Every structure is written in structure tokens, then in C-alpha cells.
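Here is a set of questions and answers for a reader who has not seen this structure before. Each answer works towards a value or a name.

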Amino acid sequence: SDLAGASAGLTVKASGYIICTSTNNTTYSGSLSASIVSGDTIIIAKNTGYGSYTYGTDTINGGTPTYHISNRAWSSPLYSHFRIMSRVATASASSVSWSCNEGSNNRAAMICYCWVVSGGVSYEDSSSVYGNGATMTVDTGGPALIIGTAYTWRQYSMPIWGSGADYGSDCDRDYHVSTGWALQTDSSSTYSMTVTRTGSANRVTSFT
């Protein structure tokens, strides 16, 4: 009632695909409608189809993001990539604008899911889990947005996150990805979720 701790709240203000395409290209761009104010954190989970070894470069609302987790999936002689990135907004905006340059080789697809979070990013951890029914525990330190992405080589083995929302998309060349998220509202130091079906690689990061 005396406003103590009022700034510590964590709210997902907007979320959705910023791009989802199987088009072969070296550059991609997209946008997501969102009411953004200075200090909000824009978070993007980026999944690429097969292409070059390099991760490429990204721009969020005109600025360079901070990269949190990167992972490659390899299938000779090509690579697909997964990255989580964020940028703290420095001005108000009505949308998230994102673009990337993937180098000289075409990507087979590009899938990016975006979140706009008020409350800022103050803590980060990563974890991974493999196997049907495996439990993933993430060190959060308190209220958090937990984001996970999984690779799989066949659609039938797409993971299903035990908490939060699930979003799955297909890329060509028998490559598939799934992105899931959950919101932890209590002050526990860890958060656990169960992946009920396995993917080739599961990675998770948390934002408090």
C-alpha cells in the first residue's frame, strides 16, 4: 500500500511472431505491434533454417541487441541456429522492428518469436534437458519470464512445454522448431517445467 517494491513487477505486455517464413534468403525483417515505453525489454527467440556457419547480425528498433544464448544444430554440410537476444527500449514506440543479415549463404527459413516485457532484465540463467518427460529446472532468483526453444528433426517429436504457451513451426529439410514460455509470479529461486516430448536440443533462458 505504500508502493514499496512497485517497480519490481514483471509483465508481458505483448508477444507474438515477428517473422515466420520458409523463404530462402540472406536478409530478413519483420515487425510486431506493441505499445512500448522507454525501459521496456524486447526479447526475441530467433530460429534459422539451414545455411552458413555464422550466426549473422541483428537489429532491434534501430539498435544492436544483447545476445544471451546461442546454439547450432548441424547437418552436413549446413547449420541451423537458435539465439535469444534482448534490447532495452530507449524511447516509446508502437511496434517492435527487427531485421537480420545472415551472411552470403541463403537461410532455408527464419522464425522469430518476440516478447515485450516491462520490469527489465536483471538476471539470466540457462539450462537444457533431453528425453521424454524430462524436467527442466531454471535458476531464476525470483519472478521471471522463462523462454525455451527446441530443435527436432521430425515433426512428430515436437516438444510440448508443460507450462506457459506453446508455438511450433516447420522449416523445410525436415527441420522443425518449437518455442514455449512461462511466467513465474512467485519469489522462488528456481522454476521447473516438464518437456513431455523430446526435441533434438532444448535450451531455456530466464528474465526477471
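Q: Is Thr140 buried or exposed, and what is its relative accessible area?
A: In this predicted model, Thr140 sits in the loop between β10 (134-139) and β11 (144-152). Buried means under 20% relative accessible area. Thr140 falls under that cut-off and therefore counts as buried, with a relative accessible area of 1%.

Q: Which residues does Thr140 contact, leaving aside its neighbours within four places in sequence, and which backbone oxygen lies 3.5 Å from a polar atom of its side chain?
A: The contacts of Thr140, with those neighbours left aside, are Tyr123, Ile146, Gln184, Ser188, Ser189, Thr190, Tyr191, Ser206 and Thr208. A polar atom of the Thr140 side chain lies 3.5 Å from a backbone oxygen, and that oxygen belongs to Ser188.

Q: Which residues form the covered face of strand β14?
A: In a regular strand the side chains alternate between the two faces of the sheet. Strand β14 covers residues 190-195, and its uncovered face holds Thr190, Ser192 and Thr194. The covered face is made of Tyr191, Met193 and Val195.

Q: How do β10 and β14 run, and which residue in β14 is the bridge partner of Val138?
A: Six bridges join β10 to β14, and the two strands run antiparallel. Val138 has its bridge partner in β14, and that partner is Tyr191.

Q: How many helices and how many strands are in the chain?
A: The chain has 208 residues, of which 50% count as buried. Among contacts with a separation of 6 or more, 78% are between residues 24 or more positions apart. The count of elements is zero helices and 15 strands.

Q: Which residues touch the most other members of the largest nonpolar core?
A: The largest nonpolar core has 19 residues. The elements giving two or more residues to this core are β1 (11-21), β2 (27-36), β3 (41-48), β7 (93-101) and β8 (110-118). Apart from it lies another core of 17 residues, including Ile69, Ala73, Phe82 and Ile111. In the largest core, the residues that touch the most other members are Ile18, Ile44, Val96 and Trp98.

Q: Where is Lys13, and what separates its C-alpha atom from that of Val117?
A: Lys13 has its place in strand β1. Not counting residues up to four places away in sequence, Lys13 touches Ser35, Ile36, Val37, Asp40, Val116 and Ser118. Lys13 and Val117 are 104 residues apart along the chain, and their C-alpha atoms are separated by 5.6 Å.

Q: Which residue forms a salt bridge with Lys13?
A: The closest N and O atoms of this salt bridge are 2.7 Å apart, and the partner of Lys13 is Asp40. The pair links distant parts of the chain, with Lys13 in strand β1 and Asp40 in the loop between β2 and β3, 27 residues apart. Lys13 counts as partly exposed at 36% relative accessibility. The buried residue of the pair, at 4% relative accessibility, is Asp40.

Q: How far apart are N and O in the salt bridge of Asp58 and Lys46?
A: The side chains of Asp58 and Lys46 meet in a salt bridge. The pair links distant parts of the chain, twelve residues apart, with Asp58 in strand β4 (residues 57-60) and Lys46 in strand β3. Asp58 is buried at 4% relative accessibility, and Lys46 is buried with a relative accessible area of 1%. From N to O the distance is 2.8 Å.

Q: Which parts of the chain does the salt bridge between Lys46 and Glu102 tie together?
A: In this salt bridge the closest N and O atoms are 2.7 Å apart. Glu102 is buried, with a relative accessible area of 0%. The two residues are 56 apart in sequence, so the pair ties together strand β3, which holds Lys46, and the loop between β7 and β8, which holds Glu102.

Q: Which residues are linked in a network of salt bridges?
A: The structure holds four salt bridges. Glu102 forms one of them with Lys46, and Asp58 also meets Lys46 in a salt bridge. The linked residues of the network are Lys46, Asp58, Glu102 and Arg107.

Note on methods
Residues numbered from 1 in each chain as written. Predicted model: local features only at pLDDT ≥ 70, side-chain atom pairs only at ≥ 80, totals over all residues. Heavy atoms only, no water. Core = buried A, V, L, I, M, F, W, Y, C linked by side-chain atoms within 4.5 Å. Buried < 20%, exposed > 50% of the residue type's maximum accessible area, 1.4 Å probe, protein only. Helix = DSSP H or I, 4+ residues; strand = E, 2+ residues; numbered from the N terminus. Contact = heavy atoms within 4.5 Å. Polar contact = N/O pair within 3.5 Å; in protein donor to acceptor, adjacent residues only side chain to side chain. Pairing = 2+ DSSP bridges.
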